[in-house]
Amino acid sequence: MDQLAALLDGPRARSAFLLRSVLDPPWSMRIQDEAPLTLVALVSGEAWVMPDKGGPTRLAPGQVAILRGPEPYVVADDPGTAPQIVIHPGQRCATVNGESLYQSMDLGVRTWGNDAEGGTVLITGTYTMEGEVSRRLLDALPQLLVQPGGPIIALLGAEIVKDDPGQSAVLDRLLDLLLIAVLRSWFATHEAPAWYRAMGDPIVGRAMRMLHNNPAHPWTVAALAAEVGVSRAALARRFTDLVGEPPMSFLTDWRLALAADLLREPDATIGSVARKVGYGSPFALSAAFKRVRGISPQEHRTGAAR
């Protein structure tokens, strides 16, 4: 598992909000749903994305905008068009005066808009829950980035209007694929974070993959160094220089991020989670969790449930 895939593995789409919008100008939507991550793909027509903090960015057909929440933004046919629609938390859609638009703009299976024959078609995919594993990824992204989406947009567009058995799972995986493709393209052409660049190092990248793939192993710097074929001191120095933190600090952060995400599962116990992430007992996990995050695993679980 590489670093990008590992970061996406925890908060991967689970019944993500996906919608196909068919619109005829003038149209403008203010999005204030507070979602941690949203993709907006333009299939046809023209659209502009305007974060509250920043200027307007034009989307061309085939491009995807990734927006990092919870800050609001506007998507419109033109920067000068005033918002007519507001999307609230829970994907509640209303006029600027608060009147619900849920029924009046329904155009069929996962399709919505002001005109069934409208020239602008958007596909929106929203990750509605922030998994703790994704925090390192989200922190590395600007609030808005735009990249080509490639052939996955057409495939997602064909599948989003189907209502076959298991369709939700199919759409979730396609949304994940689109996100990974866009982020790979972005990191290849922009200044990537240190942890992403470090994956290309033959020594540190291999060590990072070992930690990601087997967090439950009783790792030490010496054991990790032996696996990658260098001295303990050489690995510690090289890892810290490239990643920005020592190997064991990185491992602790990874283990606790995984634990935070696993604790959201309804059937998980603190003991079962502790074993999966490399702690010998529930007490050991609880102590580490509280020391690093300031709350107990149980408090984290209660907060996530709320």
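Here is a short walk through a sheet and some salt bridges in this predicted model.

Let's begin with the sheet. Six strands form an open sheet with mixed pairing, in the order β5-β4-β7-β2-β8-β9. At its edges lie β5 (57-59) and β9 (92-95), each pairing on one side only. On average, neighbouring strands of this sheet are turned by 25° against each other, direction ignored. Strands in a sheet pair through backbone hydrogen bonds, in either a parallel or an antiparallel way.

Now turn to the charged side chains, where the count comes to seven salt bridges. Among them is the contact between R173 and D176, at 2.9 Å from N to O. These two residues sit three apart in helix α4 (residues 167-189), so about one helical turn separates them. R173 is partly exposed, with a relative accessible area of 37%, whereas D176 is buried at 12%.

Another of the salt bridges joins R238 to D201, with the closest N and O atoms 2.8 Å apart. This pair links distant parts of the chain: R238 belongs to helix α8 (residues 232-243), while D201 lies in the loop between α5 (194-198) and α6 (204-213), 37 residues apart. R238 is partly exposed at 34% relative accessibility, and D201 is buried at 11%.

Finally, K162 and E159 meet in a salt bridge of 3.2 Å, N to O. Here K162 counts as partly exposed at 34% relative accessibility, and E159 is buried, with a relative accessible area of 15%.

Key:
Residues are numbered from 1 along each chain as its sequence is written. This is a predicted model: local features need pLDDT of at least 70, side-chain atom pairs count only at pLDDT 80 or more; totals for chains, interfaces and linings use all residues. Side-chain values use heavy atoms; hydrogens and water are left out. Two strands pair if DSSP finds at least two bridges between them. Helices (H or I, at least four residues) and strands (E, at least two) are DSSP runs, numbered from the N terminus. Axes are lines fitted to C-alpha atoms, for helices over the stretch in contact, and angles run from 0 to 180 degrees between N-to-C directions. A salt bridge is a side-chain nitrogen of Lys or Arg within 4 Å of a carboxyl oxygen of Asp or Glu. Buried means under 20% relative accessible area, exposed over 50%, partly exposed in between (1.4 Å probe, protein chains only).
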